[in-house]
Amino acid sequence: MKIRKAVFPVAGLGTRVLPATKAMPKEMLTIVDKPLIQYVYDEAREAGIEHFIFVTGRNKGVIEDHFDRMFELDTTLAARGNKQAEQDILARDQPAAGATSFTRQQAPLGLGHAVWCARDIVGNEPFAVVLPDELVLNTPGCLAQMIEAANKLGGKSNLLAVEAVPADMTHQYGICGVGKRTGKMFEVDGMVEKPPKGTAPSNLSITGRYILQPEIFKILETQERGAGGEIQLTDAMIGLAKTQKFYGVEFEGERHDCGSKPGFLRANIAYAMARADLREGLRAEMTKYLEK
């Protein structure tokens, strides 16, 4: 089951981190020295993704600019003669020609609708969905772990990245039931979006990584609005589960919800501490504040 394409829904308004996202896409907020969108792009590239599909919205043009070459910057750095390191960084993060596509979600109708907007570019093949405001700090990355699991399963299988959450917080997430288990992977026995307190089938939440079969598009085409008045991807997956199997993958790594202010701050600290060139300096600075 070759997974060549990944869909990145980047049309959201980023209301949880206002006012930072009033004029700048939340996907361009920086974790240490790279925007969020670059981290998930790198994760997908590491996993072997060949075609990167961005579902954008109004005021999101800077994302497309980020993945384009900037002639003026390249020329200026080359002319200075002592900026080779900076040139190497830009070259390393640049996608191959023809490897990216951009399409627009013209109304904020939810994650399911955003995925449906990519249907013509994805075509009739399995694909990944990667939510850019969720980072997983690990090597190999979360998507690479999922694709490895998908290759073992073969056939028309759908996979969800899942993570245990406190039982008293299950009402805030999409939750899946647990069927037959094999190591870190299990058959999904039902899914529910934000179940009422005390009714969740497990404490395993569906996180921001999916591998889906193209039949999901036919369901999304007629999917009614669900929670929040939006077209929910979870609702469409429940429909697809009637004819195809879903598997949950408990991934290795530290997940960071960068769409929230505490999560964003935590991610900056975690990713900086993971870098040898920043770790000691950051530790010294944090010590100053902890002593207050």
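Predicted model: local features only at pLDDT ≥ 70, side-chain atom pairs only at ≥ 80, totals over all residues.
Where in the chain is the place of Val165? Val165 sits in the loop that runs between strand S8 (157-164) and strand S9 (174-182).

## Overall form

The protein chain has eleven helices and 13 strands. Its radius of gyration is 20 Å, which agrees with the value near 19 Å that a compact globule of 292 residues would have. Along the principal axes, the C-alpha atoms fill a box of roughly 60 × 50 × 40 Å.

Of the 292 residues in the protein chain, 46% are buried. Among contacts with a separation of 6 or more, 74% are between residues 24 or more positions apart.

## Surface and charge

About 14900 Å² of the protein chain is accessible surface, and carbon and sulfur atoms account for 52% of that surface.

Val165 counts as buried because its relative accessibility is 7%, under the 20% limit. Setting aside neighbours within four places in sequence, Val165 is in contact with Thr170, Tyr173, Asn203 and Ser205. Glu187 is 22 residues from Val165 along the chain, and the C-alpha atoms of the two are separated by 19 Å.

Ser157 belongs to strand S8. With a relative accessibility of 6%, Ser157 also counts as buried. Residues up to four places away in sequence not counted, Ser157 touches Met1, Ile211, Gln213, Lys245 and Tyr247.

Helix H1 covers residues 36-46 and is mostly covered, with nine of its eleven residues buried. The buried residues in H1 are Leu36, Ile37, Gln38, Tyr39, Val40, Tyr41, Asp42, Glu43 and Ala44. In an α-helix there are 3.6 residues a turn, so residues three or four places apart point the same way. After H1 comes Gly48, which has a positive phi, near 95°.

Met28 lies in the loop between S1 and strand S2 (30-31). A relative accessibility of 13% places Met28 in the buried class. Beyond its neighbours within four places in sequence, Met28 is in contact with Pro35, Ile37, Val62, Ile63 and His66. One of these, Ile37, is also among the buried residues of H1.

## Salt bridges

How many salt bridges does the count come to? The count is 21. One of the bridges joins Arg4 and Glu125, with 2.9 Å between the closest N and O atoms. This pair links distant parts of the chain, 121 residues apart: Arg4 is in the segment before strand S1 (5-9), while Glu125 is in the loop between helix H6 (119-122) and strand S6 (127-130). Arg4 is partly exposed at a relative accessible area of 28%, whereas Glu125 is buried at 16%. Both residues belong to a network of salt bridges that links Lys2, Arg4, Lys5, Glu50 and Glu125.

Glu163 and Arg255 form another salt bridge, in which the closest N and O atoms are 3.3 Å apart. Glu163 lies in strand S8 and Arg255 in strand S13 (residues 254-257), so this bridge ties together parts that are 92 residues apart in sequence. Arg255 counts as buried, with 15% relative accessibility.

The side chains of Asp277 and Arg275 also meet in a salt bridge, at 2.9 Å from N to O. Asp277 counts as exposed because its relative accessibility of 57% is over 50%. Arg275, at 27% relative accessibility, counts as partly exposed.

Key: Residues numbered from 1 in each chain as written. Heavy atoms only, no water. Helix = DSSP H or I, 4+ residues; strand = E, 2+ residues; numbered from the N terminus. Rg over C-alpha atoms; globule rule 2.2 N^0.38 Å. Buried < 20%, exposed > 50% of the residue type's maximum accessible area, 1.4 Å probe, protein only. Contact = heavy atoms within 4.5 Å. Areas by Shrake-Rupley, 256 points an atom, 1.4 Å probe, with all protein chains shown as cover. Salt bridge = Lys/Arg side-chain N within 4 Å of Asp/Glu carboxyl O.
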